[in-house]
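Here is a friendly note for anyone opening this structure for the first time. Please keep the view open while you read.

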Amino acid sequence: MKMMKETLLRIFDLLLEKYGPLGWWPADSPFEICVGAILTQNTNWLNVEKAIANLKQEKLLTPHGLRDLPLERLAAVIRPAGFFNVKSVRLKWFINWLYDSYGGSLERMFSADWRELREEMLLVKGIGRETADSMLLYAGHKPTFVVDAYTVRLFSRLGLVRENGGYEEIRSLFMDNLPGDAKLFNEYHALIVRHGKEHCRKKQRCAGCILHLLCR
DNA sequence: GGCCAGGACACCA
DNA sequence: TGGTGTCATGGC
């Protein structure tokens with residue numbers, strides 16, 4: 001157990017040394033982070049930025065803005081993010097739940113016990129584990145670890161998790177072996193993504209990257 | 001022109 | 001529970 005902690009922290013240090021602190025999530029408000037978390041599902045971030053820019057330009061990036069916006073209009077505005085018919089409905093589900101449970105207030109939402117909140121969020125259709133954890137960690141500053149495709153790819157190549165280990169199993173690797181520190185989890189996941197975009201693509205092995213010698 | 005991107009869900013065996 | 005199809009735009 002202690003060895004795993006040291007291994008995880010060593011990898012973190014290597015990444016931090018190379019890329020520096022990233023200070024995620026790139027957004028102007030917690031609400032923007034929540035919307036971005038849904039929009040970025042299986043999507044290139046550059047496309048998400050275009051959709052976010054559209055929402056900002058139309059002054060719709062608020063809970064009541066999205067609540068009052070007709071579904072068809074919402075789909076059209078977020079079109080560049082791809083899967084716009086799916087994501088517009090998911091955004092509506094999220095907003096409706098936010099109003100039903102917390103009066104449309106993210107502040108009230110995040111004041112709840114975050115472990116119970118996580119379970120509650122997972123019951124909202126369209127919010128899966130990664131999306132929930134992203135909102136909790138980056139918008140709510142709760143100490144939950146975000147597992148994404150890059151995390152699975154990197155740490156399975158490092159031989160630390162099974163490639164098809166499942167979300168909770170991989171999340172546990174970090175949650176069980178690292179201190180529950182939101183700032184650490186924030187930087188760690190951000191660095192994994194930053195590194196992954198360059199070195200952990202699907203059909204690209206780790207040659208040339210700083211973790212090359214560690215990867216299988 | 002193909003590949004891929006910071007998933008989630010329904011459906012099936 | 002595990003595998004597969006579906007949803008879609010846009011950069012490289």
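The points below go from the overall fold to the DNA surfaces and a few backbone details.

1. **Ground rules.** This is a predicted model, in which local features need pLDDT of at least 70, side-chain atom pairs count only at pLDDT 80 or more, and totals for chains, interfaces and linings use all residues. Residues are numbered from 1 along each chain as its sequence is written, while chains are lettered from A and ligands numbered from 1 in the order in which they are written.

2. **Overall fold.** Chain A has twelve helices and zero strands. Here helices (H or I, at least four residues) and strands (E, at least two) are DSSP runs, numbered from the N terminus. The radius of gyration of chain A is 18 Å, close to the 17 Å that the globule rule gives for 216 residues, so the chain is as compact as a globular protein of that length. That radius is taken over C-alpha atoms, and the globule rule is 2.2 Å times the number of residues to the power 0.38. Along the principal axes, the C-alpha atoms of chain A fill a box of roughly 50 × 35 × 30 Å.

3. **Contacts and burial.** Take the contacts in chain A between residues at least 6 apart in sequence: 64% of them join residues at least 24 apart. A contact means that two C-beta atoms, placed from the backbone, lie within 7 Å. Of the 216 residues in chain A, 31% are buried. A residue is buried if 20 or more other C-beta atoms lie within 10 Å of its own, exposed if 12 or fewer, and partly exposed in between, with C-beta atoms placed from the backbone.

4. **Two domains.** Chain A is divided into domain 1 (2-23 + 146-199) and domain 2 (30-139); such bounds come from an automatic or database domain assignment. Their C-alpha centres lie 25 Å apart. Where they meet, seven residues of domain 1 are in contact with six residues of domain 2. On the domain 1 side, helix H12 (residues 182-199) provides the largest share, three residues. That side has five nonpolar, one polar and one charged residues. In this count, Ala, Val, Leu, Ile, Met, Phe, Trp, Tyr, Cys and Pro are nonpolar, Asp, Glu, Lys and Arg are charged, and the others, Gly among them, are polar.

5. **The core.** Which residues have the most contacts inside the largest nonpolar core? They are Ile-33, Leu-39, Ala-51, Leu-91 and Met-135, in a core of 49 residues. A nonpolar core is a set of buried Ala, Val, Leu, Ile, Met, Phe, Trp, Tyr and Cys residues joined through C-beta atoms within 7 Å. In soluble globular proteins, nonpolar side chains tend to be buried together.

6. **Helix H2.** Seven of the ten residues of H2 are buried, so this helix is largely enclosed by the rest of the structure. Among the buried ones are Ile-33 and Leu-39. The cover over the buried residues of H2 includes H3, H6, helix H7 (106-110) and H9. Leaving aside residues up to four places away in sequence, Leu-39 touches Val-48, Ala-51, Ile-78, Ala-81 and Lys-87.

7. **DNA strand B.** Of the 27 residues around DNA strand B, Gln-41, Asn-42, Gly-128, Thr-131 and Ala-149 come nearest. A residue is near a strand if its C-beta atom, placed from the backbone, lies within 6 Å of it. H9 gives the most to this surface, with four residues. By class, the surface has nine nonpolar, ten polar and eight charged residues.

8. **DNA strand C.** 14 residues surround DNA strand C, and the closest are Pro-80, Gly-82, Phe-83, Asn-85 and Val-86. Helix H3 (45-57) and helix H6 (84-102) are the elements that give two or more residues to this surface. H6 contributes the largest share, three residues. The surface near DNA strand C divides into five nonpolar, eight polar and one charged.

9. **Backbone details to check.** Most residues other than glycine have a negative phi, and most peptide bonds are trans. A cis peptide bond joins Trp-24 and Trp-25, with omega about 0 degrees. Lys-59 has a positive phi, near 55 degrees, and is exposed, with 8 other C-beta atoms within 10 Å. His-141 has a positive phi near 60 degrees and counts as partly exposed, with 14 C-beta neighbours inside 10 Å.
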